Amino acid sequence: MPEEPQPEQSEPLFVETGASWYWLLSGPAAAVAMLLIQYKGGVGFQPVVPLIFLVLVTGFVGLQVKAARVHTSVELTRTALREGTEITPVGQIVAVLPEAQHSVKSREPLEKWQTARALGELSGVPRGRTAIGVELTGKRTAQAWARNHRELRAALTTLVEGQTASAR
């Protein structure tokens, strides 16, 4: 029986994972710190408190890392832009808008896209990320975002311009 051809996965043009699992090392670091505090304080070796620190810190940090990897990850393929869990087809992106002249934190006038909704399920652009203005179909504007915003802007601009040129 011949195998059915698998649909081709679009190769990612840009990827950001959102957070690193290396942050989980803070749990063992907290346990070692507690052991040193106990030793220097003259209490001796009592493993219960360091074990509690190990479990609690690793558990809480693990939840944070998992949430960041889900909600602040970015992936751009030839067919779609995924910001967190929201997927925007590249066909809906009409243009990548120029960089803003002023920061959102400044008291200067903002570009229209700087007040538009951020793509993704979060209420705004995540901390540590920079917004990129995009014009969507239907004269809508939105904010795409990434840590490495220049690389995402370049890849998205190339993709959208190529799509616009092929549509002519």
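**Ground rules**

I number residues from 1 along each chain as its sequence is written. Since the model is predicted, I take local features only at pLDDT of at least 70 and side-chain atom pairs only at pLDDT 80 or more, while totals for chains, interfaces and linings use all residues, and side-chain values use heavy atoms, with hydrogens and water left out.

**Entry 1: the core**

I started with the nonpolar core (a set of buried Ala, Val, Leu, Ile, Met, Phe, Trp, Tyr and Cys residues joined through side-chain atoms within 4.5 Å). For burial I use relative accessible area: buried is under 20%, exposed is over 50%, and partly exposed lies in between (1.4 Å probe, protein chains only).

The largest nonpolar core holds 21 residues. Leu76, Leu81, Ile93, Val134, Leu152 and Leu156 have the most contacts inside this core. Two or more residues come from each of β2 (74-76), β5 (93-96), β6, β7 (140-146) and α3. Helix α3 gives the largest share of this core, five residues. My element names follow DSSP runs, numbered from the N terminus: helices are H or I with at least four residues, strands are E with at least two.

I then looked up Leu81 and its contacts (heavy atoms within 4.5 Å). Not counting residues up to four places away in sequence, Leu81 touches a list of residues that includes Leu76, Ile93, Leu152 and Leu156. Also among the residues touched by Leu81 are Glu75, Glu86 and Ile87, and I follow these up below.

**Entry 2: the salt bridges**

How many salt bridges does the structure hold? I found two, counting a side-chain nitrogen of Lys or Arg within 4 Å of a carboxyl oxygen of Asp or Glu.

- Glu75 pairs with Arg82, and the closest N and O atoms are 3.5 Å apart. Glu75 is partly exposed at 25% relative accessible area, and Arg82 is partly exposed at 23%.
- Arg117 pairs with Glu86, with the closest N and O atoms 2.6 Å apart. This pair links distant parts of the chain, 31 residues apart: Arg117 is in the loop between β5 and β6, and Glu86 is in strand β4 (residues 86-89). Arg117 is partly exposed, at 46%.

Is Glu83 buried or exposed? Glu83 counts as buried, because its relative accessibility is 0%. Glu83 is found in strand β3 (residues 80-83). Leaving out residues up to four places away in sequence, Glu83 touches Ser73, Val74, Leu119, Gly120, Glu121, Ala144, Trp145 and Leu152. I also checked Ala118: Glu83 and Ala118 are 35 residues apart in sequence and 9.1 Å apart in space, C-alpha to C-alpha.

Ile87, in strand β4, is exposed, with a relative accessible area of 56%. With residues up to four places away set aside, Ile87 touches Ala80, Leu81 and Arg82.

**Entry 3: the largest pocket**

Next I went looking for open space. On a 1 Å grid over the protein atoms alone, a pocket is an open set of points where a 1.4 Å probe fits, with protein on both sides within 12 Å along at least five of seven lines; lining residues have an atom within 4 Å of a point.

The largest pocket has a volume of about 320 Å³, the space filled by probe spheres set on the points, which are joined across faces, edges and corners. Its lining has 15 residues, and the closest to the pocket centre are Ser103, Val104, Gln114, Thr130 and Ala131. Strand β6 (130-136) and helix α3 (149-167) each give two or more residues to this lining. By type, the lining divides into five nonpolar, six polar and four charged residues. Here Ala, Val, Leu, Ile, Met, Phe, Trp, Tyr, Cys and Pro count as nonpolar, Asp, Glu, Lys and Arg as charged, and the others, Gly among them, as polar.

**Entry 4: loop residues**

Glu111 lies in the loop between β5 and β6 and is partly exposed at 33%. Beyond its neighbours within four places in sequence, Glu111 is in contact with Ala100 and Gln101.

Lys139 sits in the loop between β6 and β7. Lys139 is not a glycine, yet has a positive phi of about 60 degrees. Lys139 is exposed, at 70%.

Gln46 is in the loop between α1 (26-40) and α2 (48-71). Gln46 and Ala144 are 98 residues apart in sequence and 50 Å apart in space, C-alpha to C-alpha.
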